[in-house]
Amino acid sequence: MIPSTAIFDQSQMTHLLRIDPLVQGYRALFSLLDWSLIEQWQTQRSHRGRPAHPLSAYLKAFLVRICEGLPTTSALRRFLLKHPLLVIELGFGLVLDLHAPYGFDEQESIPCDYWLRQQLWSFDRCLLQDLLSTTVHALQEEIPGLGEVVAFDVKHIYAWVQENNPRVYVAERYDKTRVLSGDPDCKLGVKRSTNQEQPDGSIKEKKEYVWGYSSGVAAATTADYGDVVLAEYTQHAQ
């Protein structure tokens with residue numbers, strides 16, 4: 001949707017989108033993904049009419065969060081409020097307001113923090129894997145021999161919870177049976193385990209615990225394209 005205002009008509013708004021460097025950068029990024037997969041998935045599951053916002057708009061917003069290095073959903077929403085042209089490009093359903101500078105009410109058009117978090121938590125994992133697979137197949141057609149040599153890496157992803165902050169007192173911090181209110185899906189796992197020699201010569205195992213997830217990535221490196229992610233799997237920390 002391209003809104004019009006008392007200041008800009010639709011042709012002027014289209015021109016602004018065309019020349020805005022932030023919008024153009026993300027437009028180029030988004031063009032690399034096959035959005036028809038998202039549309040087909042949403043069509044098959046939309047039994048009660050079209051939702052207020054397309055699923056693709058949420059996914060694009062989450063990609064913006066990653067690219068901009070925004071640590072929280074609240075930071076993502078604040079960033080979008082500062083860049084209304086990008087909000088148009090993402091494809092959110094706009095609440096029109098002819099008297100607003102860009103023709104829509106940014107506060108009402110961008111989902112609230114809570115709803116953005118809900119969408120992120122409930123995003124279908126299989127859909128994201130399918131979207132990644134289409135990019136891998138496209139790159140394999142573009143780059144001969146891609147994937148013949150593969151490197152693997154595993155890392156821990158910290159949950160955004162106070163239990164991971166050693167400066168905050170938390171009762172039963174390492175009780176693995178707890179469900180944390182800050183991130184109900186995360187689990188307690190061991191990040192690092194070392195053996196320490198005691199004064200009496202005995203060996204004591206020391207473990208560093210973390211609430212979060214573990215993620216594994218398979219990647220290939222090419223001279224022209226750099227690092228290419230071929231597969232990814234994230235599970236609860238173990």
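Figure 1. With a relative accessible area of 17%, E89 is buried. The classes are buried for under 20% relative accessible area, exposed for over 50% and partly exposed in between, with a 1.4 Å probe and protein chains only. Residues are numbered from 1 along each chain as its sequence is written. The model is predicted, so local features need pLDDT of at least 70 and side-chain atom pairs count only at pLDDT 80 or more, while totals for chains, interfaces and linings use all residues; side-chain values use heavy atoms, with hydrogens and water left out.

**Figure 2. Helix α5 and its cover.** Helix α5 spans residues 73-82, and seven of its 10 residues are buried, so the helix is largely enclosed by the rest of the structure. The buried residues are T73, S74, A75, L76, R77, F79 and L80. Among the elements that cover them are α2 (21-30), α4 (55-68), α6 (84-90), α7 (106-109) and α8 (113-121).

Figure 3. Of the 46 residues in its lining, I66, L120, L128, E232 and T234 are the closest to the centre. A pocket is found on a 1 Å grid over the protein atoms alone, as an open set of points where a 1.4 Å probe fits, with protein on both sides within 12 Å along at least five of seven lines; lining residues have an atom within 4 Å of a point. At least two lining residues each come from α4, α5, α8, α9 (125-142), β1 (151-158), β3 and β4 (226-236). Helix α9 gives the largest share, eight residues. Sorted by class, the lining holds 27 nonpolar, 11 polar and eight charged residues. Here Ala, Val, Leu, Ile, Met, Phe, Trp, Tyr, Cys and Pro count as nonpolar, Asp, Glu, Lys and Arg as charged, and the others, Gly among them, as polar.

**Figure 4. Strand β3 and its partners β1 and β2.** Strand β2 (residues 187-197) pairs with strand β3 (residues 203-222) in the antiparallel sense over 10 bridges; two strands pair if DSSP finds at least two bridges between them. Along this pairing, G189 is opposite V210 and N195 is opposite E205. Five residues lie between the strands of this hairpin, in which G201 takes a positive phi near 95 degrees. Strands β1 and β3 also run antiparallel and are joined by eight bridges. K155 has S215 in β3 as its bridge partner.

**Figure 5. E172 in the loop between β1 and β2.** The phi of E172 is positive, about 55 degrees, although E172 is not a glycine. The residue lies in the loop between β1 and β2. Its relative accessible area of 56% makes E172 exposed.

**Figure 6. D97 in the loop between α6 and α7.** D97 is partly exposed, at a relative accessible area of 27%. Apart from neighbours within four places in sequence, D97 is in contact with G103, F104 and D105. P3 is 94 residues from D97 in sequence, and their C-alpha atoms are 8.7 Å apart.

**Figure 7. E108 in helix α7.** E108 counts as exposed, with 55% relative accessibility. L96 is 12 residues from E108 along the chain, and 9.3 Å separates their C-alpha atoms.

**Figure 8. Cysteines C126 and C186.** C126 counts as exposed at 54% relative accessibility, whereas C186, at 1%, counts as buried. With a disulfide taken as a pair of cysteine sulfur atoms within 2.5 Å, the count in the model is zero.

Note on methods:
Helices (H or I, at least four residues) and strands (E, at least two) are DSSP runs, numbered from the N terminus. Contact means heavy atoms within 4.5 Å.
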